[in-house]
Amino acid sequence: MTADMNNASFDRQYILSLESTCDETAAAIIRRDGVVLASTIATQELLHGRFGGVVPEIAARAHLENFLPVLRKTMHDANVTIEDMVAIAVATQPGLPGSLIVGLATAKGLCLAWDKPLVGVNHLHAHVYACQMQRRESIFPCIGLIVSGGHTHIYRCESAAQWKLLGATIDDAAGEAFDKVAAMLGLPFPGGPELAKLAESGDAAAHKFPRPMLKDAQTLDFSFSGLKTAVRYCIAGPQSSTIDSSHLSTEEVANLAASFEQAVIDCVVGKCKLAMKRERLSRLCVGGGVAANRRLRAALQELADRQKFELLLADRELCTDNAIMGAIAWEKIKAGSFDDLSLDVKPGLVRG
């Protein structure tokens with residue numbers, strides 16, 4: 001493989017990147033210099049919307065149905081040959097077990113059929129690497145923040161291969177809390193973006209919701225379940241077993257949304273400030289679905305301006321799950337690091 005890469009023209013070296021960690025079936029073809037030739041995403045929002053959240057079994061079945069048409073469209077749009085492919089990259093951790101298995105099985109099948117090597121990708125690392133797609137200089141070393149529906153994590157990233165987990169949520173992820181509070185307010189799934197939109201017209205100071213663990217300078221961990229519960233009590237009261245927001249006016253709902261959103265932002269920004277000070281690094285890279293939130297992006301930029309460090313935010317279209325961020329596989333390929341076909345999925349995240 002090394003010889004093939006050395007002999008091939010630089011602009012004729014590509015990887016096929018696959019993503020299926022949750023409910024998005026995605027593929028992309030990315031050139032060695034980071035140029036994206038094609039990207040396709042098949043969303044499952046309509047499938048899961050009536051359940052108010054992602055159903056793992058439905059997600060896995062949908063990936064089985066979606067991968068072939070997604071692959072066909074991506075290959076057609078890129079207009080490249082199989083011979084130009086250097087490797088097949090696929091997200092193998094963390095994520096929903098069934099969804100991950102479908103993606104890995106697809107990648108292994110292509111590796112066998114096309115006689116190409118396999119490269120496993122860490123989905124969370126890839127979210128941070130999305131920041132690399134908008135610049136030539138390396139983003140490393142940096143502090144990496146992932147704020148998404150399933151994860152809220154802070155890493156020290158020495159290089160594309162060296163990651164140290166500094167802190168993580170001990171219960172709900174920030175995006176998960178957004179979706180659950182949105183459901184309490186009667187907003188449609190996926191609720192996070194709808195809540196953020198509603199918060200634009202609300203008063204963030206209307207309710208003094210808690211900022212869990214924000215003042216604990218001994219840890220970079222997060223907690224959002226108590227904040228979520230505080231919103232629930234505000235809507236229905238502590239004695240009610242059901243949640244009904246229909247008695248609230250439009251203004252009251254907007255104020256609840258804005259106050260909740262601000263509490264989450266304060267927690268995230270506060271822990272980032274602590275991480276930058278503790279680790280003594282000068283660059284913060286942010287990715288994940290919640291990283292598309294306008295107010296969070298603005299608050300992080302204000303922090304960066306005050307504290308005099310560089311802030312890199314993933315482009316909004318690369319914040320949600322996609323295969324383009326699988327370009328991190330090129331870092332492993334350039335180092336000659338490939339995986340064999342015994343590679344397995346790792347649904348959970350191991351702290352360390």
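Is Lys 197 buried or exposed? In this predicted model, Lys 197 is exposed, because its relative accessible area of 56% lies over the 50% limit. Its salt-bridge partner is Glu 194, and the closest N and O atoms of the two are 3.9 Å apart. Both residues belong to helix α7 (residues 191-199), where they are three residues apart, about one turn of the helix. Glu 194 has a relative accessible area of 30% and is partly exposed. Elsewhere, salt bridges with shared partners connect Asp 172, Glu 176, Lys 180 and Lys 228 in one network.

Side chains of opposite charge can pair when their charged atoms come close. In the whole structure, 14 salt bridges are found. One of them pairs the side chains of Arg 135 and Glu 310, with an N to O distance of 2.7 Å. This pair links distant parts of the chain, 175 residues apart: Arg 135 is in the loop between α5 and β6, whereas Glu 310 is in strand β10 (residues 310-313). Glu 310 is partly exposed, at 29% relative accessibility. A further salt bridge joins Arg 31 to Asp 33, at 2.9 Å from N to O. Arg 31 is partly exposed at 21% relative accessibility, and Asp 33 is likewise partly exposed at 39%.

Strands of a sheet pair through backbone hydrogen bonds, either parallel or antiparallel. An open sheet is formed by five strands in the order β3-β2-β1-β4-β5, with mixed pairing. Strands β3 (36-43) and β5 (118-122) stand at the edges and have a single partner strand each, so one side of each lacks a neighbour in the sheet. On average, neighbouring strands are turned by 20° against each other, direction ignored. Strands β1 (residues 14-19) and β2 (residues 24-31) run antiparallel and are joined by six bridges. Within this pair, Leu 16 stands opposite Ile 29 of β2. Two helices lie across strands of the sheet. Helix α3 lies across β1, β2, β3 and β4, at about 25° to β2. Helix α4 lies across β1, β4 and β5, at about 160° to β4.

The largest nonpolar core contains 90 residues, of which Phe 224, Phe 260, Val 268, Leu 284 and Leu 300 touch the most other members. Helix α9 (residues 250-279) gives the most to this core, with 16 residues. Apart from this core lies another of 26 residues, among them Ala 27, Ala 38, Val 80 and Ile 88. When residues up to four places away in sequence are not counted, the contacts of Phe 260 include Ala 177, Phe 178, Val 181 and Leu 195, as well as Phe 209, Leu 227 and Val 231.

Most residues other than glycine have a negative phi, and most peptide bonds are trans. Exceptions of both kinds occur in the backbone. The peptide bond from Gln 93 to Pro 94 is cis, with omega near -25°, and Pro 94 is in the loop between β4 (85-93) and α4 (97-114). Another cis peptide bond joins Phe 140 to Pro 141, with omega about -5°; Pro 141 is in the loop between α5 (123-129) and β6 (142-147). Asn 79, a residue other than glycine, has a positive phi near 55°. Asn 79 lies in the loop between α3 (56-78) and β4 and is exposed, with a relative accessible area of 65%. Arg 280 also has a positive phi, of about 55°. Arg 280 lies in the loop between α9 and β9 (283-287) and is exposed at 75% relative accessibility.

Technical notes. Residues are numbered from 1 along each chain as its sequence is written. This is a predicted model: local features need pLDDT of at least 70, side-chain atom pairs count only at pLDDT 80 or more; totals for chains, interfaces and linings use all residues. Side-chain values use heavy atoms; hydrogens and water are left out. A nonpolar core is a set of buried Ala, Val, Leu, Ile, Met, Phe, Trp, Tyr and Cys residues joined through side-chain atoms within 4.5 Å. Buried means under 20% relative accessible area, exposed over 50%, partly exposed in between (1.4 Å probe, protein chains only). Helices (H or I, at least four residues) and strands (E, at least two) are DSSP runs, numbered from the N terminus. Contact means heavy atoms within 4.5 Å. Two strands pair if DSSP finds at least two bridges between them. Axes are lines fitted to C-alpha atoms, for helices over the stretch in contact, and angles run from 0 to 180 degrees between N-to-C directions. A salt bridge is a side-chain nitrogen of Lys or Arg within 4 Å of a carboxyl oxygen of Asp or Glu.
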